[in-house]
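Hi everyone, thanks for making time.

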Amino acid sequence: MKTRLGALAVLAALALAIPARSQVERGSSSNSNVIVFQDISVIPMDTERVLPHQTVLVQNGKIANTGPTNSVHLPPGTVVIDGRGKFLMPGMADLHTHVDRKEMLPLFLAAGVTTVLNMGLASPEFVTVTREEIRKGSVVGPRVFAAFMIDGPGDPGPEYVALCEQDARAAVARAKLVGYDFIKVYSRLQPEIYAAVLDEAKKQHIAAVGHIPMAVGLEKSLAQGQVMIAHAEEYYKTYFQGKPDDARIPEPVKLTLSAGAYVTPNLSFFAALTSVVSDPQSLDERMDEPDIEFLPPDIRGNWLAARPAKPSDRFVPELATLKKLTLALSQAGVPLLTGTDTPAFGVIPGSSVDDDLDQLVGAGLTPFQALSAATRTAGEFIHQYVRGAEEFGTITPGKSADLVMLRANPLLDVRNMRQPIGVMVRGRWFESRELQALVEQPVPSYKRIVALGRAFQYTLNEHGATEAVREFKSHSQSTEKLPESFVNALGYRMINAKRLEDAITVFVFNTEQHPDSWNAYDSLGEAYLDSGRNDLAVVNYRRSLALNPKNTDAFEMLQKAAAMPSRPN
């Protein structure tokens, strides 16, 4: 599960008779319009085959030509990459991510992932600006598609909530206008609003993907035109009604096949979740792995905050059923897609696609079937539902030059995908050393925040919250902030330890660090309520509700606090 970046390829110069330039210089990416992979074993992924001793010519970001070595004409000035003893695969896709930070995008390329689908909650800047910067080449990252998430009432999270049919239709139209590629439907949508979303999506020529709303169900979701189910778990929660029943597997498989829908099993995330819930200590061990340093501290904090207190095997039967369902879907011919839900609990951007491949093979798919979900089928899905999108997913003339160079054949073992020698995205070649440098670029700033957090926690435990806050402010830069989830968790530890004054000081500090966080004010309101200072609880619950009107908990607690007398401060 680690992010493992391979060593540099040893690139040998070709014979002088070949009218081409020498190979790419070590340690520098190539933006040349013409690049050739010479004498390489090609795995085109159109069918299960390996073509030895091939030449693949890339020109202007596209695969221009392929053929036996020395049969392809090389234009003058061609950059040559020696492929002797190596394998060339199409770049992989992760069609379920929630990454929207520039500094995390190289993690995908380092693992050979050249296309991603952000499945909701991306910042407007990421959707409108960063994607364009990637396309132009000023930001290094994979090709990015984006889905706009629409849900029903009941959760204080950041997803868009449609309250009526007109609201739902307007949201779909706005999403299309802004430039989203898909609409993601979520679990709380009611039947009439779900129907409005699907109907408007058809009118706007934007496909609907995502969860199976509990009130709608699998059959009606597929009948109304949802083109992709985002988790195998959705079948378990709806059709299986949360109970393992292998005898019921054939019917949802038949329904899905008949509807022509795609499925992203997302086994990598569910396996990670099951592992940690079964053995919470495994998360502590995971957090000591070297690749964790590539994660921003706030995401690490989110993982730790979700750590269960006690072990439970409650997800083990479900995971077994999901694997059987995934195999049945594959055997029936339902097109499967790789998707990881990264950076959700336990799954790191990029390398989690390798984990997904491992899980698919573990479920019974062949390596070719698993790799198809990450390459050819992913390309077919995007081509079918995103008008004007570049074609990718196979090594075929005319398709985008998204390629991964490997030391060993992944058709024999999908784990051979874990050590790319280099990666090409839209015709731009990166050696592994360059990608390693890009991945490591933000690490020093991450380490500093982690160190500040550890010092804060130590001082809080030993000398109290006031001293911890004072020390942090004296040793940190004005732009440095501790992760909101990390500080919030420390505040609740103080509450559980009956150190209410320390808890209040910690939560006040969190609101200073994160003044736009509704959750920070909600937690501070709770601490004031526990301490009997109901007037201050009211003030902070109001702030929380103003920042997030969907926070029904704050509304209920506000009513409770307003009705109670407050003790003097």
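This is a predicted model: local features need pLDDT of at least 70, side-chain atom pairs count only at pLDDT 80 or more; totals for chains, interfaces and linings use all residues.

I'll go through a helix, a pocket and some aromatic rings.

Residues are numbered from 1 along each chain as its sequence is written, and side-chain values use heavy atoms, with hydrogens and water left out.

Let's start with helix H22, residues 552–562. Helices here are DSSP runs of H or I with at least four residues, strands are E runs of at least two, and both are numbered from the N terminus. Which residues of H22 are buried? Ala554, Met557, Leu558 and Ala561 are, where buried means under 20% relative accessible area, exposed over 50% and partly exposed in between, with a 1.4 Å probe and protein chains only. These four sit on the same side of H22, because they cover an arc of only 110 degrees around the axis; the arc is taken from the directions from the helix axis to the C-beta atoms. As a reminder, an α-helix has 3.6 residues a turn, so residues three or four places apart point the same way. Among the elements covering the buried residues are helix H20 (518–530) and helix H21 (534–547), with contact meaning heavy atoms within 4.5 Å.

Next, the aromatic rings. The structure holds 13 aromatic pairs: rings of Phe, Tyr and Trp (its six-membered ring) with centres within 6.5 Å, called stacked for planes under 30 degrees apart, edge-to-face over 60 and tilted for the rest. Take Phe148 and Tyr160: their ring centres are 5.8 Å apart and their planes are at 45 degrees, so this pair is tilted. The pair links distant parts of the chain, with Phe148 in strand E8 (residues 143–151) and Tyr160 in strand E9 (residues 160–161), twelve residues apart. Phe148 is buried at 19% relative accessible area, while Tyr160, at 24%, counts as partly exposed.

Tyr236 and Phe240, by contrast, are stacked, at 6.3 Å centre to centre and 25 degrees between the planes. Both Tyr236 and Phe240 are buried. There is also a cluster, in which ring pairs link Phe182, Tyr262, Phe381 and Tyr385.

Last, the second largest pocket. Its lining draws at least two residues from each of helix H10 (297–305), helix H16 (443–463) and helix H18 (484–496). Which helix gives the largest share of that lining? H18 does, with seven residues.
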